[in-house]
Amino acid sequence: MGGESTQAQAASEKLVNNGTKLKPNRAEVMDSSNGVKLTIGETATTWTIEKSEELYRIQGWGEPYFSINAAGHVTVSPQGDRGGSLDLFELVNALKKRNLGLPLLIRFSDILEDRIERLNAAFSRAIARYSYAGTYKGVFPVKCNQQRHLVEDLVRFGKPHQFGLEAGSKPELMIALATLNTPGALLICNGYKDREYIETAILAQRLGQTPIIVLEQLEEVALVIEAGRKLGIQPILGVRAKLSTKGMGRWGTSAGDRAKFGLTIPEMIQAVERLQAAQMLSSLQLLHFHIGSQISSIAVVKDAIREASQIYVELARLGADMKYLDVGGGLGVDYDGSKTNFYASKNYNMQNYANDIVAEIKEACTERSIPVPTLVSESGRAIASHQSVLVFDVLSTSDVPASPPEPLKEREHLIIRNLYETWEAIALENYQEAYHDAVQFKEEAISLFNFGYLSLTERARVERLYWSCCHKILAIARQQEYVPDDLEDLEKIMASIYYVNLSVFQSAPDSWAIDQLFPIMPIHRLDEEPTQRGTLADLTCDSDGKIDQFIDLRDVKSVLELHPLKSAEPYYLGMFLSGAYQEIMGNLHNLFGDTNAIHIQLTPKGYQIEHVVKGDTMHEVLGYVQYDSEDLIESIRRQTEQALLDKRITLEESQLLLQNYERCLSSYTYLSA
Ligand SMILES: *Cc1c(COP(=O)(O)O)cnc(C)c1O
């Protein structure tokens, strides 16, 4: 392992970013999928749920929590392999009966618990395997999901493992201090710090907490020395190293990473000297690094831990009372289930991760006869992603017309005859050429129209013929093992648009902001063939409010296989693994506000709804931008009175208008089905 250089990976990532179809370095694939090719166009009777599993890759990203049952519905096993399961489609229907409308964010507390268990078990196994003399005490970075119920659950589930919290800002420190009540658990204090932050953190020792203030900037050294003296409490300190190993995660360079933080090696030496001069070097007990989130390559993890291990032993040799090594975040989530070092995946599992950390630091310490540290990780994404599922419904679709063209009439324009003949002749031998012809004829036709040589009716005929050609060509292309590059856009051009009851900015800001890929799939009808190909468009009028990148085994795909809508039947889609970062990055874009959120826990008798967090009402959302409902209603009332006087409206109409207006203000901002 680790045979690839980080430059090579950087280069291939760049290609992906530039839109070139390339999933970097397939040599690092852990195990290969069976590579069954789906032949689209089979009849519905031959479709099976196994085909849906394969198509949506649910085993790749969903195990052990998500699968498909015999009814063709997505099922959730919140306790992983250890417990029962529930039918997500039935659950959504039951919630709708309780007047909890879509979109719905469903959080499975048991999944959260299972993730914590797994992470701790992985480190326990690694510690046993390498006869490591230290322990593991993880912390959860609050910034990853700050929702109160979630943080409270986390602290509760983490108790047996002395699982702590990490705060990256003053507000997060406020949350962590009030919530963490586990004796012996760590409270890691990162981020920008002022005097108030530092004093509060130091004083927390008096409450029985174990706060560790991580120095991220040289100026903070003077602040902690001063605060420690003033309070007469010896602070516990850590230092964050700026490693030369660069995180290769998508987030390492693009957004959110605190690469600006940390001390360079010369600065670290200065910090040690200053602490020594203040006779506080024994306060320095922790080394921290964070090279970015979603590290997709184990080689990068190894490089970072190797470098950090050496810094750790050197700090101990300089006289610091080293006790903890905090490896930060970065533990990845396999969003596309490909098990590769593609940015939406990772080529290692939790156990590989824990093994490498334990083995590296043990080796470095043994070599220098230094006691091994307590290991800390700040894994956010790996803990919080799986527990939440966003379920939303499709409101309508818009398709490219698919009917075959009307037969050629006598004396139609030459360009129409050309297009018609192109359509007739499309076959396996010439479909690629036919596509280029069709495009060219269509472009010529538009020129002719612009110069006045083609009527509007004729132009309409041309466009319909062009679509017919595209349909026929696409049908052939889909049957092929290999689709020529120049035809790849065709799938996108011909895709249906599925209008979904969602604000992408509100519920999946990452998907919009930095092309984060989440698995999205229907949660029912999975025993039926999804014959349509679509992209998703949201409720906002913003042209960016769309999702047109979907997970795929190789790279990403621009359309998702979906079912045609049935009249009077809802169609529900689920967005999975979206529990980290998504829920907090959203703002009030387009005034849709928060979605309804519920917490589900499994009991021996079935599931139990623990918390319901109602989404924003119109009234609340408008309040955020300083509109007062009373004033708004008053304005409408005045306008209706005037209209009544002018006899522009009837009394009944005015009452209906006012009633609707008032009802809207107190209702959910999303559309009700
Ligand atoms: C964001 C962040 C984390 C969490 O990273 P994940 O990749 O989500 O585990 C941990 N530590 C620090 C300092 C961070 O900024």
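In which strand is histidine 288 found? Histidine 288 is found in strand S10, where strands are DSSP runs of E of at least two residues and helices are runs of H or I of at least four residues, numbered from the N terminus.

## About the model

This is a predicted model, in which local features need pLDDT of at least 70 and side-chain atom pairs count only at pLDDT 80 or more, while totals for chains, interfaces and linings use all residues. Residues are numbered from 1 along each chain as its sequence is written, and side-chain values use heavy atoms, with hydrogens and water left out.

## Strand S10 and its partners

Strand S10 spans residues 284-288, and five of its five residues are buried, a term that means under 20% relative accessible area, calculated with a 1.4 Å probe on protein chains only. S10 runs parallel to strand S9 (residues 237-240), to which four bridges join it, and it also pairs in the parallel sense with strand S11 (residues 324-326) over three bridges; two strands count as paired if DSSP finds at least two bridges between them.

Histidine 288 takes part in both pairings, being the bridge partner of arginine 240 and standing opposite aspartate 326 in S11. From S10 the chain crosses through helix H12 (residues 298-317) to S11 in a right-handed β-α-β crossover, which is to say that, with the strands pointing away from the viewer, the path from the first strand over the helix to the second runs clockwise.

## Surroundings of histidine 288

Histidine 288 counts as buried because its relative accessibility is 0%. Not counting residues up to four places away in sequence, histidine 288 touches Asn190, Val214, Val239, Arg240, Ala241, Asp326, Gly328 and Glu378, where contact means heavy atoms within 4.5 Å.

## The nonpolar cores

The largest nonpolar core has 88 residues, and Leu284, Leu287 and Leu375 are among those with the most contacts inside it; such a core is a set of buried Ala, Val, Leu, Ile, Met, Phe, Trp, Tyr and Cys residues joined through side-chain atoms within 4.5 Å. Helix H12 gives the most to this core, with ten residues. Apart from it lies another core, of 61 residues, among them Leu104, Ile111, Ile547 and Met575.

## Around the ligand

The ligand is surrounded by 17 residues, of which the closest are Lys143, Ser293, Glu378, Gly380 and Tyr581, each residue counted having a heavy atom within 4 Å of the ligand.

Terms used
Buried means under 20% relative accessible area, exposed over 50%, partly exposed in between (1.4 Å probe, protein chains only).
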